[in-house]
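Here are some notes to read alongside the model, for someone opening it for the first time. Keep the viewer handy and go point by point.

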Amino acid sequence: MPSPSGEFAFINWLRSRTAADGRVLLGPGDDAAMLQLTPNAPCLITTDMLLEGSCFRLAEAGPRQVGRKAMAVNLSDMAAMAGRPVAAVVAVGLPRTGGRALAEELYLGLRDVADAFATAIAGGDTNSWDGPLVIAVTLLGEATPRGAVRRGGARPGDWLFVTGPLGGSLLGRHLSFTPRVREALELHELVDLHAMIDISDGLSADVNHLCEESRCGAVLRADDIPVHDDAQQLHDRLSPLQHALADGEDFELAFAVSPEDGQRLLQSQPIQGIRVSHIGEFVEQGLWLEENGQRRALEPAGYVHAFQ
């Protein structure tokens with residue numbers, strides 16, 4: 001018989017707290033979930049794994065915040081493609097000691113942000129081991145009738161925008177951010193988004209990703225990059241601008257539009273609750289920073305998972 005504190009008892013607890021969803025024909029409890037996706041809508045799939053000691057410190061963040069972030073980073077990826085989230089599956093590797101209480105708090109954190117974006121938790125897997133906490137979320141979504149926005153559509157002459165201030169996220173915003181799903185969908189309806197990415201690695205690194213996929217370059221204007229107040233509070237060897245360029249985990253959106261659409265966005269600021277900022281242009285090649293009237297090559301900087 002399984003222990004009341006074991007895997008199957010937790011699955012029963014989880015099922016009792018998972019609300020029915022019309023898109024989930026079969027949810028947690030079977031060998032696979034069954035979803036009803038919209039006919040003819042391309043399915044978008046993204047996944048992220050968070051590791052204790054690398055992506056978070058459990059003692060500082062607490063399990064509910066970790067669960068929240070694990071779902072939110074996937075929703076941010078969905079936002080980057082202007083997709084509609086549908087359902088997620090979650091896999092966790094729990095430490096053997098205290099794992100049940102930890103799992104319950106993780107689930108509540110996952111649900112906090114999933115519910116806010118009408119995302120069903122359709123299933124997953126639970127395991128235990130002698131190591132630290134590992135949590136991986138796989139999110140399924142759908143492209144809108146306008147299609148998914150990719151990284152590879154920026155063109156020389158396009159304007160580069162971001163959806164909010166950047167830098168200093170490690171003071172807390174890396175855990176509590178709101179993924180820009182709604183904002184991305186609104187922008188997708190209002191203008192022709194040529195390319196888009198969420199700023200997870202760092203502004204300079206992620207703009208460089210856009211450039212690589214679009215086979216062009218970009219110029220960022222230092223004076224126009226919105227710097228978050230948190231970046232002003234970090235008293236280290238880096239300037240607030242350098243933090244905005246390289247800190248990462250801001251989870252704002254960087255996107256490319258035509259000058260005509262860019263001008264309309266600047267004048268109307270149509271997205272409630274945020275201000276979009278025009279921070280540069282796409283050019284034929286290179287990554288550049290324009291500061292004090294001088295243009296210099298900008299080395300992409302941000303977080304990279306290192307392994308050999």
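1. Start with Ile 135. Setting aside its neighbours within four places in sequence, Ile 135 is in contact with Asp 48, Met 49, Leu 50, Val 66, Ala 70, Val 90, Ala 91, Val 92, Leu 106 and Leu 110. Bear in mind throughout that this is a predicted model.

2. Which residues have the most contacts inside the largest nonpolar core? Ile 135 is one of them, along with Met 71 and Phe 255, and the core counts 55 residues. Helix 3 gives the most to this core, with nine residues. Another core, of 26 residues, lies apart from it and includes Leu 220, Ala 254, Phe 282 and Leu 289. As background, nonpolar side chains in soluble globular proteins tend to be buried together.

3. Is Lys 69 buried or exposed? Lys 69 is buried, because its relative accessible area is 2%, and the cut-off for buried is under 20%. Its side chain makes a polar contact with the side chain of Glu 249, at 2.9 Å. Beyond four places in sequence, the residues in contact with Lys 69 are Leu 50, Cys 55, His 174, Leu 175, Phe 177 and Glu 249.

4. Asn 74 is buried too, with a relative accessible area of 0%. A polar atom of the Asn 74 side chain sits 2.9 Å from the backbone oxygen of Ala 70. If you skip the neighbours within four places in sequence, Asn 74 is in contact with Thr 46, Thr 47, Asp 48, Val 137 and Leu 139.

5. Seven of them form an open sheet with mixed pairing, in the order 8-10-7-11-9-12-13. Strand 8 (195-198) and strand 13 (294-297) are the edges, each pairing on one side only. From one strand to the next, the twist averages 25°.

6. Five of its seven residues are buried, so strand 11 is largely enclosed by the rest of the structure. Strand 7 and strand 11 run antiparallel and are joined by four bridges, with Leu 160 standing opposite Gly 280 in strand 11. Strand 9 also pairs with strand 11 in the antiparallel sense, over four bridges; here Gly 217 has Val 283 as its bridge partner.

7. What about the pairing between strand 9 and strand 12? Strand 9 (residues 217-221) and strand 12 (residues 287-291) run parallel, joined by four bridges.

8. Finally, look at strand 4 (residues 83-95) and strand 5 (residues 120-129), which run parallel with nine bridges between them. One of the pairs is Ala 88 with Ile 121 in strand 5. Together with helix 4 (residues 99-116), the two strands make a right-handed β-α-β unit.

Definitions and conventions
Residues are numbered from 1 along each chain as its sequence is written. This is a predicted model: local features need pLDDT of at least 70, side-chain atom pairs count only at pLDDT 80 or more; totals for chains, interfaces and linings use all residues. Side-chain values use heavy atoms; hydrogens and water are left out. Two strands pair if DSSP finds at least two bridges between them. Axes are lines fitted to C-alpha atoms, for helices over the stretch in contact, and angles run from 0 to 180 degrees between N-to-C directions. A crossover is right-handed if, with the strands pointing away from the viewer, the path from the first strand over the helix to the second runs clockwise. Buried means under 20% relative accessible area, exposed over 50%, partly exposed in between (1.4 Å probe, protein chains only). A polar contact is a pair of N or O atoms within 3.5 Å; within protein, one must be able to donate a hydrogen and the other to accept it, and residues adjacent in sequence count only if both atoms are side-chain atoms. Contact means heavy atoms within 4.5 Å. A nonpolar core is a set of buried Ala, Val, Leu, Ile, Met, Phe, Trp, Tyr and Cys residues joined through side-chain atoms within 4.5 Å.
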